[in-house]
Amino acid sequence: MDNQSTSKWLIGLGIVGAMVVIFLGLRWLTPTQHSIVFAAGNRSGLYYELARAIATEVEREHSNIKVNVVETLGSLDNVKRLKAKTAQVALIQNDTKANADVRSISSIHPEILHFLCYRDSNIRSVRDLADKKIAVGPKGSGSEQFTREFLNYLGIPISTINSVHLPLSEAAQKLVAGELDAMLYLSGLGNRTCATALQSGKVQFSHVVTPPSDSSWADTDSWASNLAAGFRVRYPHVTPHAMPLFAYPDSNGNPGHPQEPIASVGVEAVLTCDEDLPSEVVDAITRTIFENRAVLSQKHSAFSYLDEKTATDQLQFPAHDAAEKYFRRDEPGFLVKYAEAMGFIISASILIWGLASGVRNWMLQR
């Protein structure tokens, strides 16, 4: 091979090498694109609203992640989608039955059992539901499942009441129109559909269980804890909640409903994902939610419950490794955590070595 051919061959090899280096560099510098499906809930419900808010912030913070929020039937449908791999992220109730592939990212907010009644229905508690027409959530939904179990706990099988299965928005409209006597739904505080129904002036809160006649507002939390403690024996993921005084404004924006705190029960709404979702995506979602809590809380008050310290407490689904790593990022490393113990071991080892050397030298001298 002559010098000219050798030079051309080397130049060509150099160009190919440079192209490979540029290609690998661009791949290293350009983040991997991810497209995920977020299973939410009914378009008029709180889950869908919260999912849209989370998706907007994630896409704003991470241009390589695209989030497609889809309308679903609720928690049970969302779990089915995670199992079928047709969704990678979902909002579900903490009491939802699921397979071992589901992982928690974080609890988002508590869902409280709302008991709303038509003002002229003369319903003071769930004990007055006989011969009444009650909406209990879409058939097979997480809300319907929770309500059914709760009524069974109180000795009121759902089969003994005139129950109808409707989405929250449709149930609220029928309640205002007087076509329903009451509705029992799990929802986060501040649900706009419930707020609209209450502002009509034709709907009011009722006690889930009538408190003792000698109880006062100060006893509401205790009464809710007792109510949940008994229910938890048969339904382990329930949590006690008190519907706060004036949690919902009236039609003029003034303090309105309820007129007194109400003891109730509920479960946590949890942001979950498929266990195979890449760690970098889970980290991005987790980091975005907690670094943008202020922005999210301005979009909906439900986000005000976000708390890193309790984000994965008492959740039935194990936390995703990437989420767990984020929540523990400030914990000391191994060397820092065990520095004192390691220092003691090293000091003791030096002392023992010195004593052993002294004994050895003494024996050699003898």
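# Briefing: helix pairs, buried sites and backbone exceptions

Ser169 sits in helix H5 (helices, H or I of at least four residues, and strands, E of at least two, are DSSP runs numbered from the N terminus). This is a predicted model, in which local features need pLDDT of at least 70 and side-chain atom pairs count only at pLDDT 80 or more, while totals for chains, interfaces and linings use all residues. Residues are numbered from 1 along each chain as its sequence is written, and side-chain values use heavy atoms, with hydrogens and water left out. The protein has 12 helices and 12 strands.

**Overall picture**

- The protein has 366 residues, and 42% of them count as buried (buried is under 20% relative accessible area, exposed over 50%, partly exposed in between, with a 1.4 Å probe and protein chains only).
- Take the contacts between residues at least 6 apart in sequence: 75% of them join residues at least 24 apart (contact means heavy atoms within 4.5 Å).

**Helices H5 and H6**

- Helix H5 spans residues 168–176 and helix H6 spans residues 192–199; their axes come within 10 Å and cross at roughly 5° (axes are lines fitted to C-alpha atoms, for helices over the stretch in contact, and angles run from 0 to 180 degrees between N-to-C directions).
- H5 and H6 are therefore roughly parallel to each other (under 35 degrees is roughly parallel, over 145 roughly antiparallel, 65 to 115 roughly perpendicular, the rest oblique).
- H5 brings Leu168, Ser169, Ala172 and Val176 to the contact, and H6 brings Thr193, Cys194 and Ala197.
- Five of these contact residues are nonpolar, two are polar and none is charged (Ala, Val, Leu, Ile, Met, Phe, Trp, Tyr, Cys and Pro are nonpolar; Asp, Glu, Lys and Arg are charged; the others, Gly among them, are polar).
- Ser169 counts as partly exposed because its relative accessibility is 21%.
- Leaving aside neighbours within four places in sequence, Ser169 is in contact with Ser44 and Thr193.
- Ser169 and Thr196 are 27 residues apart along the chain, and their C-alpha atoms are separated by 9.9 Å.
- Cys194 of the H6 side is buried, with a relative accessible area of 1%.

**Helices H4 and H7**

- The axes of helix H4 (residues 142–153) and helix H7 (residues 220–232) come within 10 Å and cross at roughly 95°.
- That angle makes H4 roughly perpendicular to H7.
- The contact uses Phe146, Glu149, Phe150 and Tyr153 from H4, and Leu227, Gly230 and Phe231 from H7.
- This contact of H4 with H7 holds five nonpolar residues, one polar and one charged.

**Strand S12 and the cysteines**

- Asp274 is part of strand S12, which covers residues 262–274.
- Asp274 is charged by type, yet it counts as buried because its relative accessibility is 7%.
- Beyond neighbours within four places in sequence, Asp274 touches Leu82, Lys85, Gln88, Asp101 and His320.
- Cys273 is buried too, at 0% relative accessibility.
- The structure holds zero disulfides (a disulfide is a pair of cysteine sulfur atoms within 2.5 Å).

**Backbone exceptions**

- Most residues other than glycine have a negative phi, and most peptide bonds are trans.
- His257 and Pro258 are joined by a cis peptide bond, with omega about -10°.
- Pro258 lies in the loop between strand S11 (255–257) and S12.
- Asp131 is not a glycine, yet its phi is positive, at about 65°.
- Asp131 belongs to the loop between strand S4 (102–118) and strand S5 (133–135), and at 80% relative accessibility it counts as exposed.
- Gln314 also has a positive phi, about 55°, without being a glycine.
- The loop that holds Gln314 runs between helix H9 (293–299) and helix H10 (321–327), and Gln314 is exposed, with a relative accessible area of 71%.

- Thr210 is in the loop between strand S8 (203–205) and H7.
- Thr210 counts as partly exposed, at 32% relative accessibility.
- Arg124, Ser125 and Trp223 are in contact with Thr210, when neighbours within four places in sequence are left aside.
- The C-alpha atoms of Thr210 and Ala263 are separated by 9.0 Å, though the two lie 53 residues apart along the chain.
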